[in-house]
Amino acid sequence: MASHEAAMDFTINDALDAQSELAARSLTSASHTVALTGAGLSVESGIPPFRGKGGLWTQHGEPPMDGFQRFLRDPRKAWQDRLSPRESWATALRDTLAQAKPNAGHRSLAELENLGCCDCVITQNIDDLHHQAGTRSLLEIHGNHRLLRCLDCITRFEPEEVVVDPENLPPQCPHCGGLIKGDTVQFGEPIPPDVLRGCFEQVAKADCMLVAGTSATVYPAAEFPFEVLKRGGVVVEINPEPTDLTGRATLSLVGPGGPVLERVLHHVSALLKATAS
Ligand SMILES: [Zn+2]
């Protein structure tokens with residue numbers, strides 16, 4: 001059974017429901033909550049993880065580990081490859097991303113933002129699904145596969161905002177004439193400074209962090225939950241399997257992000273209604 005089907009069949013037992021309510025109490029009493037999400041959340045939207053069993057790269061081969069350096073060495077060739085991908089991993093990724101739709105986890109986080117219980121989502125995913133679900137305060141550490149970004153002025157563009165002439169590659173930034181590349185952060189590419197700064201600002205303000213669908217072992221995300229814990233804040237983890245965070249987080253809810261976040265949202269709504277009446 002694929003993971004996204006397993007998530008749909010998942011039932012929340014009494015113990016997990018009680019933990020979901022505790023998580024909801026943390027969210028409603030916090031002054032600034034930041035969610036941190038990763039690949040695990042999008043597995044339920046049919047996007048396989050990159051590595052491991054059934055992983056895109058495991059099946060189709062890995063992208064070059066020096067992708068960004070290759071881009072800088074020959075941006076024209078990198079753009080030709082982007083416009084007509086030949087590598088199996090690149091076409092598989094493109095097709096998978098084109099089909100993916102937000103799941104209950106993405107939608108619940110967007111609704112938590114509407115209810116004033118999620119001030120920002122920091123994601124390691126490039127799949128645009130938080131955006132599609134309606135999250136407005138969003139920091140995409142590894143970029144967004146739909147967007148383009150100027151390497152000089154760091155402006156991001158919708159694809160239609162940039163003239164891409166196959167005869168005259170690479171395209172130029174409409175603002176500054178700089179070098180345009182896809183917004184997805186490649187291997188060897190630094191995280192864009194505006195996003196990194198945004199993450200540090202958000203984490204510095206957070207007294208509650210909701211970690212969903214990530215073991216948060218990769219820099220810089222790995223530091224964020226511990227920053228919050230160090231300052232006496234609350235960390236709520238939602239992952240299908242125990243992770244390095246389990247046992248150190250204030251609360252660890254073991255289950256798929258979609259159904260569990262939906263349950264947390266249910267309790268948040270109920271608590272807010274009870275307070276209002
Ligand atoms: Zn520019």
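Student: Which way do the residues of strand β2 point?
Tutor: This is a predicted model. In β2, which covers residues 120-123, Cys-120 and Ile-122 point one way, while Val-121 and Thr-123 point the other way.

Student: Are those residues buried or exposed?
Tutor: All of them are buried. As for the pattern of directions, side chains in a regular strand alternate between the two faces of the sheet.

Student: What is Cys-120 in contact with, leaving aside its neighbours within four places in sequence?
Tutor: Its contacts are then Val-34, Ser-137, Leu-139 and Gln-202.

Student: And how far is Cys-120 from Leu-169?
Tutor: Their C-alpha atoms are separated by 36 Å, and the two residues lie 49 places apart along the chain.

Student: Which strand joins β2 over four bridges?
Tutor: That is β1, residues 33-37, and the pairing is in the parallel sense.

Student: What about β3?
Tutor: Strand β3, residues 138-140, runs parallel to β2 and is joined to it by three bridges. Here Ile-122 has Leu-139 as its bridge partner in β3.

Student: Changing topic: what is the strand order in the open sheet of three strands?
Tutor: The order is β5-β4-β6, and the pairing is antiparallel. The edge strands, each pairing on one side only, are β5 (156-157) and β6 (180-182).

Student: How many bridges join β4 to β5?
Tutor: There are two, with β4 spanning residues 148-150. The bridge partner of Leu-148 is Phe-157 in β5.

Student: Now the helices: at what angle do α2 and α12 pack?
Tutor: Helix α2 (residues 14-29) and helix α12 (residues 257-276) pack at about 55 degrees, and their axes are 8 Å apart. The two helices are therefore oblique to each other. Their crossing is right-handed.

Student: Which residues make the contact?
Tutor: From α2 they include Asp-17, Ser-20, Ala-24 and Leu-27, and from α12 they include Val-260, Arg-263, His-267 and Leu-271.

Student: How do the residues of that contact divide?
Tutor: Eight are nonpolar, three are polar and four are charged.

Terms used: Residues are numbered from 1 along each chain as its sequence is written. This is a predicted model: local features need pLDDT of at least 70, side-chain atom pairs count only at pLDDT 80 or more; totals for chains, interfaces and linings use all residues. Two strands pair if DSSP finds at least two bridges between them. Axes are lines fitted to C-alpha atoms, for helices over the stretch in contact, and angles run from 0 to 180 degrees between N-to-C directions. Angles under 35 degrees count as roughly parallel, over 145 as roughly antiparallel, 65 to 115 as roughly perpendicular and the rest as oblique. A crossing is left-handed if the near helix is turned anticlockwise from the far one by less than a right angle, and right-handed if clockwise. Two residues are in contact if their C-beta atoms, placed from the backbone, lie within 7 Å. Ala, Val, Leu, Ile, Met, Phe, Trp, Tyr, Cys and Pro count as nonpolar, Asp, Glu, Lys and Arg as charged, and the others, Gly among them, as polar. A residue is buried if 20 or more other C-beta atoms lie within 10 Å of its own, exposed if 12 or fewer, and partly exposed in between; C-beta atoms are placed from the backbone.
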